[in-house]
Structures are given as C-alpha cells and as structure tokens.
Amino acid sequence: MHLGRTARTALRIGAALGFAVIYVPLLLVLVNSLNPDRSASWPPPGLTLHWWSVAADNSGARDAVWVSVKAGLGATAIALVLGTLIAFAVARYRFLGRGTVSFVVVLPIALPGIVTGIALNSAFGTVLRPLGVGLGLFTVIVGHATFCIVVVFNNVVARLRRTSGSYEEAAMDLGATTFRAFVDVTFPLLRSALLAGGLLAFALSFDEIVVTTFTAGPGIQTLPIWIFDNMTRPQQAPVVNVVAAVLVLLSVIPIYLAQRLSADTATSSRV
C-alpha cells in the first residue's frame, strides 16, 4: 500500500516527536550536569566540569555505585544460571515456551513494583526472621533477580521460537543424550541470547528502586535510592545531576552490546 505525501509527512513528524520525547530529557540530564543551576536562562551559561570532580570525591555516591554494581552482578548471575536451566527445559519440552507458562513467568515483573516488593518483604520475613537473618545485600540481589530472570527468559524464548530444533533431534537420533544434544547443539545458539539478556538485566538493575526499598536492610543504599534521597537537597543537587549523566553515558554500553548480540544472532541462528 502506497502512502500519500500527507501521510508520509505526518509519519515523519510523528517519528520526530517520538524521538524528541525520548531523547530531549536525556540531553537535559547531560546539560544539567554541566550547569547545576536549572533556573538559568536558555542556553544555560557557565558550563563547567567542576561538579564532575566533586561527584568523583563524594563517598556516598561511590558507595552507592559499588552496592548497585554488586547487586546487579549478583542478580544477573542468578538470572543467567536459572535462565540456562529454563533454556534446557524449554528446549527439551518445547510446550513450556507457549502462552500459559510464559504468562506465569512474566507475571511478577508485570505486577506493580510495590506489590512485588511487599510480597518479597513478607516472604523474607517469614523465612529469614526465624533464622535470625535480617534484610541485606543478599535480599536486594534476590529482589533484583525476580525481574532479571524474566528478561533472560524472554530472550531465550524469543531465540527458541526462531529455531526448529531439527539439529538437536538429529543429534539424539545419532545417539546423543538429551543433555549432550542441548550442550552441543542448542546452547551455542542460545549463548548470545543469554548474554544479551544478562547485559540488559544488569543495566535494568541500576534503575530499580521500588523493590529495593522493600528488600534492602539498614545501611544498604543502592544508587537509585541515593539519588532519590539527595535530589531534593540543594547542596547535593549538582552531584545528583552528574551521577545521572554518568549513568546515561555508561548505560549505552551494555544496551548497545545487547542489541548487537540480538541482531547478529537473529540472522545466524535460523536453523
């Protein structure tokens, strides 16, 4: 179907507005990190890197970054292990990739974060309190893993839907066990999907605040919580701007790599 000139113009304008809605706020984050006085006229005068050095010396921000890195790595590791097991189950019993099971796995992430947070807080209290164990970094990692697993699962299922499984069946016809066929045939096709899911899960882990609030114990402060606590303090606002800008710049790396992995293997795994 050929679109008329008016329709094409409308589509271009709509696309431009969509990109503006997405990228203008990110651009403002970068500008604010160089000009902490948000009330200044536009274009903002006095652009400076001074607050970048101040942010680098802020021990609270550094500690929060380190906690978030540990939480992200821990949650991603759990998600990759469980994602691999899910991949094996889906590859062995392909009906598991269909609607009902996918809905059950995805449901926790689709629920409001506050519901998931309250549920995890109650579960941790029921299981850990009788053992004399309180909330801490481990419970934050488990909380983050709840949505990291879903990201990995979705990547695995999407990849499996593009494969027929004929190579794995052929390997088993030649005498390979189910596990051996999975390791030698299916897993290499899924490896990039698992890695891409892990990269996205790690990036998303830095964004989580609601579940973290309900699963973090005293003294545990991830980067989103630190930003939320300090963004309303005038003396800390410039540092928060810089931290947000650094997050924007660093988040490009795992997201770009995940996209490249997904794009490259989408064309090479059609078997």
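Entry 1, ground rules. I am reading a predicted model, in which local features need pLDDT of at least 70 and side-chain atom pairs count only at pLDDT 80 or more, while totals for chains, interfaces and linings use all residues. Residues are numbered from 1 along each chain as its sequence is written, and side-chain values use heavy atoms, with hydrogens and water left out.

I found a mean pLDDT of 75 for the chain, with 80% of its residues at 70 or more; pLDDT is the predictor's confidence in each residue, from 0 to 100. Helix H4 (residues 99-110) has the lowest confidence, a mean of 66, and helix H10 (residues 223-230) the highest, 82. Helices here are DSSP runs (H or I, at least four residues), numbered from the N terminus.

In the model, residues 136-158 are 96% helix, with end C-alpha atoms 34 Å apart, whereas residues 239-258 are 100% helix, with ends 29 Å apart.

I looked up how helix H5 (residues 113-128) meets helix H6 (residues 137-160): their axes, which are lines fitted to C-alpha atoms over the stretch in contact, come within 11 Å and cross at roughly 135 degrees. The contact (heavy atoms within 4.5 Å) is made by Thr116, Leu120, Phe124 and Leu128 of H5 with Thr139, Val142, Gly143 and Thr146 of H6.

Notes
Axes fitted to C-alpha atoms, helices over the stretch in contact; angles between N-to-C directions. Helix = DSSP H or I, 4+ residues; strand = E, 2+ residues; numbered from the N terminus.
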